[in-house]
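Reader: I'd like to learn how to read salt bridges in a model like this one. Can you walk me through it?

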Amino acid sequence: MSYGQQDWGVVKIGQRKSRTNNKKPTKKQTQEAMRTGNVEVRKKNNNEGRKMYQLENDNEVRKHKTLGVSVGRKILQARNAKKITQKQLAQQCSVKVTVINDYERGKAIPDNRLLTRMERILGVSLRENTKKKKTRK
């Protein structure tokens, strides 16, 4: 085998040649240009500023949908009927006592998993039926 025809030179892949035309001006050059007024100001074209403006000037008050007081009363009545404390119910549901307290006051944001657990433990249906059956005439 003859290696006389082989090219054993170094090949650099992925490196760009430096462009001398597009060098950034130094800090001194920028300051000098600003002093003399030879600066062109370009605004970036992005929507971030507009979105921030909308958020800051939004006057609408938004609240999370919470459980009603009726669901809290159902939980309280079922818990008292089974003679279970909030702490015991919280331990059985694997949540903090404050979560059970919020549910009973109707201030909690509904969590379907937790509601299902409480329904199983208390043996009561806590959710109202949202589907109404159609009656035929």
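Author: Let's start with exposure: buried means under 20% relative accessible area, exposed over 50%, and partly exposed in between (1.4 Å probe, protein chains only). At 26%, aspartate 102 counts as partly exposed. This is a predicted model, where local features need pLDDT of at least 70, side-chain atom pairs count only at pLDDT 80 or more, and totals for chains, interfaces and linings use all residues. Residues are numbered from 1 along each chain as its sequence is written, and side-chain values use heavy atoms, with hydrogens and water left out.

Reader: What is a salt bridge, and how many are there by this rule?

Author: Side chains of opposite charge can pair when their charged atoms come close. The rule asks for a side-chain nitrogen of Lys or Arg within 4 Å of a carboxyl oxygen of Asp or Glu. That gives three salt bridges here. In one of them, aspartate 102 pairs with arginine 105, with the closest N and O atoms 2.4 Å apart. Arginine 105 is partly exposed too, at 45%.

Reader: Where do arginine 105 and aspartate 102 sit?

Author: Both are in helix H5, three residues apart, or about one helical turn. Helices here are DSSP runs (H or I, at least four residues), numbered from the N terminus.

Reader: Which side chain does glutamate 104 meet in a salt bridge?

Author: Its partner is arginine 79, at 2.5 Å from N to O. This pair links distant parts of the chain, 25 residues apart: glutamate 104 belongs to helix H5 (residues 97-105) and arginine 79 to helix H3 (residues 69-81).

Reader: Is glutamate 104 buried or exposed?

Author: Glutamate 104 is buried, at 12% relative accessible area, and arginine 79 is buried as well, at 8%.

Technical notes: Helix = DSSP H or I, 4+ residues; strand = E, 2+ residues; numbered from the N terminus.
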